[in-house]
Amino acid sequence: MAGLGEGGNDLAGSLKAICKTGIADVLKRRGWEVHEEIHCVSSLDSNRRTDIVAIHRTQSKGIILDPTIRFERDVLQAQHVDEEKKSI
């Protein structure tokens, strides 16, 4: 099937993995403590997973990143993604 790579990984999943690794590597080189694929529980008790949690302990900063790659389906793609993210 088009878009599938080795092991059944689709193109978007492969791109996300490359981006995630690149972002994590840059953060590590800049002094951040990086954790990937962290299990979380939302305030509504649903299980979630975040791609990257980075902590810069000497600067007392932290960030949560989810580098999801979306392929456009129509002109309302941005609106659909915004609505989806707000609903979770």
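Here are some numbered notes on the sheet, the salt bridges and a few single residues in this structure.

1. Before you start, keep in mind that you are looking at a predicted model.

2. Three strands make an open sheet in the order S1-S2-S3, and the pairing is antiparallel. S1 and S3 are the edge strands, since each of them pairs on one side only. From one strand to the next, the twist averages 30°. If you wonder what holds such an arrangement together, strands of a sheet pair through backbone hydrogen bonds, either parallel or antiparallel.

3. Now take the S1 and S2 pair. S1 covers residues 33-41 and S2 covers residues 47-56, and the two run antiparallel over 8 bridges. To find your place, look for cysteine 40, whose bridge partner in S2 is arginine 48. The hairpin that these strands make has 5 residues between them, and in it aspartate 45 takes a positive phi near 65°.

4. On to S2 and S3. Strand S3 spans residues 61-65 and pairs with S2 in the antiparallel sense over 5 bridges. A handy landmark here is isoleucine 55, which has glycine 62 as its bridge partner in S3. This is a hairpin too, with 4 residues between the strands, and serine 60 in the turn has a positive phi of about 50°.

5. Next, the charged pairs. How many salt bridges does a search of the whole structure find? The count is 5. As background, side chains of opposite charge can pair when their charged atoms come close. The next points go through some of these pairs.

6. Aspartate 51 and lysine 16 meet in a salt bridge through their side chains, at 2.9 Å from N to O. Aspartate 51 lies in strand S2 and lysine 16 in helix H1, so this pair ties together parts that are 35 residues apart in sequence. Is aspartate 51 buried or exposed? Its relative accessible area is 5%, so aspartate 51 is buried. Lysine 16, at 24% relative accessibility, counts as partly exposed. There is a network here as well: salt bridges link Lys16, Asp51 and Asp66.

7. Arginine 57 and glutamate 33 also meet in a salt bridge through their side chains, at 2.6 Å from N to O. This pair links distant parts of the chain: arginine 57 is in the loop between S2 and S3, glutamate 33 is in strand S1, and they are 24 residues apart. Arginine 57 is exposed, with a relative accessible area of 56%, while glutamate 33 is partly exposed at 29%.

8. For a pair inside one helix, go to helix H2, which covers residues 77-87. There, lysine 86 forms a salt bridge with aspartate 82, and the closest N and O atoms are 3.1 Å apart. The two residues are 4 residues apart in the helix, so about one helical turn separates them. Lysine 86 counts as exposed at 64% relative accessibility, and aspartate 82 is partly exposed with a relative accessible area of 39%.

9. Lysine 20 deserves a look of its own. You will find lysine 20 in helix H1, residues 11-29. With a relative accessible area of 12%, lysine 20 falls under the 20% cut-off, so this residue counts as buried. What does the side chain of lysine 20 make a polar contact with? The partner is the side chain of glutamate 37, at 2.5 Å. Leaving aside neighbours within four places in sequence, the contacts of lysine 20 are Glu36, Glu37, Asp51, Ile52 and Pro67. Asp51 has already come up, as the partner of lysine 16 in a salt bridge.

10. Last, the cysteines. How many disulfides does the count come to? The count comes to 0 disulfides. Cysteine 19 counts as partly exposed at 34% relative accessibility. Cysteine 40, the bridge partner of arginine 48, is also partly exposed, at 28%.

Notes: Residues are numbered from 1 along each chain as its sequence is written. This is a predicted model: local features need pLDDT of at least 70, side-chain atom pairs count only at pLDDT 80 or more; totals for chains, interfaces and linings use all residues. Side-chain values use heavy atoms; hydrogens and water are left out. Two strands pair if DSSP finds at least two bridges between them. Buried means under 20% relative accessible area, exposed over 50%, partly exposed in between (1.4 Å probe, protein chains only). A polar contact is a pair of N or O atoms within 3.5 Å; within protein, one must be able to donate a hydrogen and the other to accept it, and residues adjacent in sequence count only if both atoms are side-chain atoms. Contact means heavy atoms within 4.5 Å. A disulfide is a pair of cysteine sulfur atoms within 2.5 Å. A salt bridge is a side-chain nitrogen of Lys or Arg within 4 Å of a carboxyl oxygen of Asp or Glu. Axes are lines fitted to C-alpha atoms, for helices over the stretch in contact, and angles run from 0 to 180 degrees between N-to-C directions.
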